[in-house]
Amino acid sequence: MNQKNSFSSKIGFVLAAAGSAVGLGNLWRFPYLAAKYGGGTFLFIYLILAVTFGFALLVTEISIGRMTGKSALHAFSTLNKKCGFIGVLGSIIPMIILPYYCVIGGWVTKYCQVYLTGQAKDAVADDFFGGFISNTGEPLIWLALFTLASTAVILMGVNKGIENISKILMPLLVVLSVVIAIFVVTRPGAMEGVIYYIKPDFTKVNATGILAAMGQIFYSMSIAMGIMITYGSYLPEDTNIESSVRHIEIFDTAIAFLAGLMIVPAVFAFAGGEEAALNKGPTLMFVILPKVFDGMAGGRILGAAFFILVLFAALTSAISLMETVVSIFVDKTGGNRKLITVLVTIGVIVAAIPSSLGFGVWSHINLGGMSILDMCDFFSNSVLMPIVAFATCVFVGYVMKPKAVIDEVCRSTPKFKSEKLYVVLIKYVAPVFILLILISSVLDAMGIIKL
Ligand code: PHE
């Protein structure tokens, strides 16, 4: 990703962006948020936000990247000297996400080993996962392994290879997820879960849930942190931005939906659907899926295949995150790329330690029930990202003016189909809404108001 114009075609761009977008956010994070925030209610809010906010911000970021030809850190300051801070703020986000992403990546790696070495039965036990993550040493080893795997790819510069493997493995992941989802949905008791997952209950809508859905859009589509700006800077002039964005959105949302269909109804079929199980949070996937595989014919092999594919999806995303962090430091210091990659790796592993220990020896450190990992996740996705998104909207809506983005989109196509919607969203709806939700949720977290 270092040469300019490295995307030779629209499909190459869509796939690369989708490779960054599809990862643990879809498979691990979306299902547990959906389970926790009311199932269908969350899904409904998510879909509305994806086609409005997600769309507007993706178009904006890709256009800014293409018009400036720069990465986020410099794109905003190129457009306006005073607004460079938006790029700086956005650049901090991948640095917060990457360490805890590697903690989860480590858990997935461990599960690959569990399934490959025939311990699938053990993983079914209720306390298997809890026992594993509350250890001090073992999760740290898996975390380091996962991080080093990402480092190795970046050092070897095999990004092209990754793109090619993705073309085979990503569809495989989809096929396997469909098989698992069908199996889950046809279990006794699962229908209740399917209904919970797809039927919205509007009495359950609240600001925290909306904020969580918004944070998930940013996280899952890799927006509000500069990654799509960088990708946009590699995009050829004749590529249609609007339709590329629609494709990225559909792909990303479809995979998240499928992951939810695999996990949420399973909570009902295999764990009775009680509150406590639905509220499991970050650990949900690891607790529920082993039970699902245990009930399936050939479950051990399917389980192994599944976790290997998840590992792959997680690695492609971790690589794009690490690449971003490395580029920021290379840009800033002009230092040696390889050396910086090694230093970033060490930094990531060290910074990830608290998130990992937060499930064991440091579990007493928590904020309103949030573990250290949850806190990093909340701070980056529900606080920093909305701030960056708000600043981006104000910048585009009032400083640079939406016309600049519209002109950029229209360079490759005669018509920006959703132009009116885009302008209304970026100038009025998005900034006001983001601000309201952000303030109310932070006040809620501080205990000043009760939502
Ligand atoms: N979008 C990725 C996911 O869904 C996570 C990610 C965030 C990747 C930011 C790169 C940058 O897992």
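How many residues does helix α5 have, and how far does α5 reach from its first C-alpha to its last? Select residues 84–116 in this predicted model. Helix α5 has 33 residues and reaches 48 Å, close to the 48 Å expected at 1.5 Å a residue.

Next, pick Leu 98. Here α5 bends by about 25°, and the proline Pro 99 follows within four residues. Of the 33 residues of α5, 26 are buried, so the helix is largely enclosed by the rest of the structure. Just after α5, select Gly 118, which takes a positive phi of about 75°.

Move to helix α2, residues 24–36. Its 13 residues should span 18 Å at 1.5 Å a residue, and the end C-alpha atoms are 17 Å apart, which agrees. Helix α2 is mostly covered, with twelve of its 13 residues buried. Among them are Trp 28, Arg 29 and Tyr 32. Just after α2, Gly 38 has a positive phi of about 90°.

The last stop is on the surface. Select Leu 155, Leu 339, Val 342, Leu 343, Ile 346 and Val 350, which form a nonpolar patch. Together they have about 510 Å² of accessible area. Which helix gives the largest share of the patch? Helix α17, residues 337–357, contributes five residues. Ile 346 is found in α17. With a relative accessible area of 47%, Ile 346 counts as partly exposed, because that class lies between the 20% and 50% cut-offs.

Notes:
Residues are numbered from 1 along each chain as its sequence is written. This is a predicted model: local features need pLDDT of at least 70, side-chain atom pairs count only at pLDDT 80 or more; totals for chains, interfaces and linings use all residues. Side-chain values use heavy atoms; hydrogens and water are left out. Helices (H or I, at least four residues) and strands (E, at least two) are DSSP runs, numbered from the N terminus. The expected span of a helix is 1.5 Å times one less than its number of residues. The bend at a residue is the angle between axes fitted to the seven residues ending there and the seven starting there. Buried means under 20% relative accessible area, exposed over 50%, partly exposed in between (1.4 Å probe, protein chains only). Patches are made of residues with over 30% relative accessible area and no salt bridge: like charges are joined within 9 Å, nonpolar side chains (Val, Leu, Ile, Met, Phe, Trp, Tyr) within 5 Å. Accessible areas come from the Shrake-Rupley method with a 1.4 Å probe; for residues, only the protein chains shown count as cover. A salt bridge is a side-chain nitrogen of Lys or Arg within 4 Å of a carboxyl oxygen of Asp or Glu.
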